[in-house]
Amino acid sequence: MSRSIIADYYNTKKIPFGISGDRRDKIFPLLKDLTDKKILEVGCATGYMGEKLRKQGNYVVGLDISKKDVQKAKKVLDQVFVIDLESERLPNMGTNFDLILVAEVVEHLFEPELVIKKLMTVLKPNGQILISTPNFLHLYNRYKMLCGKFEYVEETVINKSHVHFFTYPTLKKSLNSLGLKIIKENHVIFPRTLASIWRKWPELFAYQMVVLCERYE
Amino acid sequence: MSQINQHYQNKALTYCLGNRRGEKIWQILSGYKGKRVLDLGCSTGYIGRDLKKNGNYVVGVDISKPAIIKAKNILDEAYVLDLEGNSNLLGKKKFDLIIIAELIEHLFLPETLIQNLVRNNLANNGEILISTPNFLHFINRVKFLLGKFKYENSGMFDKSHIHFFTYTGLIGMIRSANLNVVKENSVIVPRLLGKVGARFPSLFAYQFVILAKKL
């Protein structure tokens with residue numbers, strides 16, 4: 001049995017996955033000093049993030065479910081594989097990655113924890129995982145849902161390919177159950193004005209959660 | 001086998017109708033006789049059993065093999081089928097009634113499935129019975145406002161629920177498949193609101209139970 005319907009969806013998706021400026025601005029500061037590292041980018045799409053990391057002098061391997069995107073990513077990353085992480089084994093790409101980048105991926109997975117667990121088998125003992133995902137219970141969403149609005153719309157938190165929603169506490173709990181602790185947080189805060197105040201309550205004001213994790217000792 | 005298929009293999013055995021949901025569905029279907037019925041996500045055949053007793057011909061499909069082994073003893077026909085896989089098992093077979101109870105919330109592209117069913121498998125004048133939880137029932141709205149949302153092993157926030165419906169979302173999907181709503185018999189919570197509650201399904205329907213007909 002195959003879940004080709006899911007792969008087909010991502011292959012023909014009209015709106016290309018690209019990381020919004022806001023999110024990129026929060027992810028890259030955490031990675032800007034990385035050089036000479038072995039990086040695995042999960043859900044690499046066309047390689048728009050990995051390309052930058054490669055230019056910093058890192059070795060970047062990309063994985064994505066979309067054949068079409070992987071064709072493009074092959075031109076900018078060191079190695080790229082088409083894989084459905086929920087039904088296939090990891091490709092032969094070596095182990096001991098220093099960093100695994102999982103940006104805007106977990107919300108697309110049926111069982112995200114099982115996938116992260118699988119990815120952790122190729123992570124160095126002291127390696128890091130960067131995860132970003134939307135906060136389902138951002139204040140604005142709470143208000144919208146209170147008013148009865150919940151519609152699947154492309155390019156929003158409630159996107160129809162988002163099959164698993166995270167909140168700040170549930171993300172933390174999932175990471176914890178995987179033996180991961182958060183070492184840095186750099187969320188996209190909304191509203192932007194007075195963000196330095198709002199960031200004290202990520203469960204309400206983080207619109208996109210961005211966390212860097214490593215294994216517990 | 002993918003993680004998704006694996007998830008359902010034994011879980012489907014535990015699916016059954018909550019009492020009130022079963023009651024609401026049966027209120028609609030108890031008079032049906034001599035129909036060709038397709039039960040999608042039939043599990044062990046717990047809905048189809050009574051329909052068969054009433055003289056309908058019931059075909060069930062489910063993603064779970066262990067569930068289908070049981071359903072084969074209960075229904076007229078039962079097959080293992082991943083509705084979002086590649087199989088063409090249903091082909092152009094026509095049915096007078098298609099039951100889609102507590103299924104669409106488990107699908108990646110539910111509207112595609114329903115559109116295909118209406119086009120290929122629903123007889124002229126055929127009906128579809130759909131039931132699914134209301135994600136924005138007022139109790140959930142309050143929970144979300146307070147920051148409470150987590151997946152559980154069963155119930156409204158079952159972790160295999162990958163697509164959530166509101167009243168507007170569900171009706172929109174039904175219409176986009178060229179179906180017309182002919183009956184609503186949703187489970188209302190709190191129960192004492194009764195008919196008044198039924199007038200505001202977006203707030204008080206806990207489980208939508210809707211019968212729709214091909215336009």
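**Figure 1. Surroundings of A:Leu40 in the predicted model.** Once its neighbours within four places in sequence are set aside, A:Leu40 is in contact with A:Val61, A:Leu63, A:Met93, A:Phe97, A:Leu99, A:Ile100, A:Leu101, A:Leu119 and A:Val122. The structure shown in this and the following views is a predicted model. Within the pairing of strands, A:Leu40 stands opposite A:Ile100, a residue of E4(A).

**Figure 2. The largest nonpolar core.** This core has 34 residues, and those with the most contacts inside it are A:Leu40, A:Ile100, A:Val102, A:Ile129 and A:Ile131. Two or more residues each come from strands E1 (38-42), E2 (59-64), E4 (97-103), E5 (123-134) and E8 (206-215) of chain A, and likewise from H5 and H7 of that chain. Another core, of 32 residues, lies apart from it and includes B:Phe95, B:Leu107, B:Ala205 and B:Ile210. As a general background to such views, nonpolar side chains tend to be buried together in soluble globular proteins.

**Figure 3. Strand E4 of chain A and its partners.** E4(A) is mostly covered, seven of its seven residues being buried. With E1(A) it runs parallel, the two being joined by three bridges, and with E5(A) it pairs, again in the parallel sense, over six bridges. In the pairing with E5(A), A:Ala103 has A:Ser132 as its bridge partner.

**Figure 4. The largest cavity.** Four cavities of 30 Å³ or more are counted in the model, and the largest cavity has a volume of about 60 Å³. Its lining is made up of A:Val106, A:Pro112, A:Glu113, A:Ile116, A:Ile131, A:Phe166, A:Leu171, A:Ser174, A:Leu175 and A:Leu178; by class, these are eight nonpolar, one polar and one charged residues. Helix H5 (112-120) and helix H7 (168-177) of chain A each supply at least two residues of this lining.

Figure 5. Helix H1 (3-11), helix H2 (19-29) and strand E8 (205-214) of chain B are the elements that give two or more residues to the lining, and H2(B) gives the most, with three residues. Divided by class, the lining has 15 nonpolar, 11 polar and 10 charged residues.

Notes:
Residues numbered from 1 in each chain as written. Chains lettered and ligands numbered in written order. Predicted model: local features only at pLDDT ≥ 70, side-chain atom pairs only at ≥ 80, totals over all residues. Heavy atoms only, no water. 1 Å grid on protein atoms, 1.4 Å probe; cavity = no way out; pocket = protein on both sides within 12 Å on 5 of 7 lines; lining within 4 Å. Points joined across faces, edges and corners; volume = space filled by probe spheres on them. Helix = DSSP H or I, 4+ residues; strand = E, 2+ residues; numbered from the N terminus. Nonpolar A, V, L, I, M, F, W, Y, C, P; charged D, E, K, R; others polar. Core = buried A, V, L, I, M, F, W, Y, C linked by side-chain atoms within 4.5 Å. Buried < 20%, exposed > 50% of the residue type's maximum accessible area, 1.4 Å probe, protein only. Contact = heavy atoms within 4.5 Å. Pairing = 2+ DSSP bridges.
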